[in-house]
Amino acid sequence: TTLGTGRYGHPTQNRAISLREAALIQSFPKGYKFGHDRISLRLAARHIGNAVPVLLGRAIGRSIKQHLAEIA
C-alpha cells in the first residue's frame, strides 16, 4: 500500500498503515470481521474511516446514561 489518497503513514516503517492497523487505532476488537462474508478492501476501508471509535462510542454512551440517571 502506498501513501496518499487519505492513507496514513506507519510511525516507524516506510509504508502506509494496513487496514487492520487502522481498525485497531479506531479501537475495533483485534478479531473483528467486517461484513458477514468477504467484503472488498475498499468497503472495509470505508467502514473503518467512517466509524466512531468503539471506545469513544462507549464513553459517550456511558456519559448519556449517567446524565439521564441524574435527571430522573
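**Entry 1**

I looked up Y32 and found it partly exposed, at a relative accessible area of 35%. The cut-offs I used call a residue buried under 20% relative accessible area, exposed over 50%, and partly exposed in between, with a 1.4 Å probe and protein chains only. The model is a predicted one, in which local features need pLDDT of at least 70, side-chain atom pairs count only at pLDDT 80 or more, and totals for chains, interfaces and linings use all residues. I note that residues are numbered from 1 along each chain as its sequence is written, and that side-chain values use heavy atoms, with hydrogens and water left out.

I then turned to F28, which is buried at a relative accessible area of 12%. The rings of F28 and F34 have centres 5.1 Å apart and planes at 55°, so I recorded this pair as tilted. For ring pairs, the centres of Phe, Tyr or Trp rings (for Trp, the six-membered ring) must lie within 6.5 Å; planes under 30 degrees apart are stacked, over 60 edge-to-face, and the rest tilted. F34 is buried, as is F28. By this rule I count three aromatic pairs. In the pair of F28 and Y32, the ring centres are 5.0 Å apart and the planes stand at 55°, so this pair is tilted. Ring pairs join F28, Y32 and F34 into a cluster.

**Entry 1: the nonpolar core**

Which residues make up the largest nonpolar core? I listed eight: I17, A22, A23, F28, F34, A44, I48 and A51. The elements giving two or more residues to this core are α1 and α2. A nonpolar core here is a set of buried Ala, Val, Leu, Ile, Met, Phe, Trp, Tyr and Cys residues joined through side-chain atoms within 4.5 Å.

I also checked I48, leaving aside its neighbours within four places in sequence: I48 is in contact (heavy atoms within 4.5 Å) with L19, A22, A23, Q26, F28 and F34.

I located Q26 in the loop between α1 (19–25) and α2 (41–50). Is Q26 buried or exposed? Q26 counts as buried because its relative accessibility is 16%. Beyond four places in sequence, Q26 is in contact with I48, G49, A51, P53 and V54.

S27 lies in the loop between α1 and α2 and is buried, with a relative accessible area of 16%. I noted a positive phi of about 70° at S27, although S27 is not a glycine. Most residues other than glycine have a negative phi.

**Entry 2: the whole chain**

I counted three helices and zero strands, taking helices as DSSP runs of H or I of at least four residues and strands as E runs of at least two, numbered from the N terminus. The radius of gyration is 16 Å, well over the 11 Å of the globule rule for 72 residues, so the protein is more spread out than a compact globule. This radius is taken over C-alpha atoms, and the rule is 2.2 Å times the number of residues to the power 0.38. Of the 72 residues, 17% count as buried.
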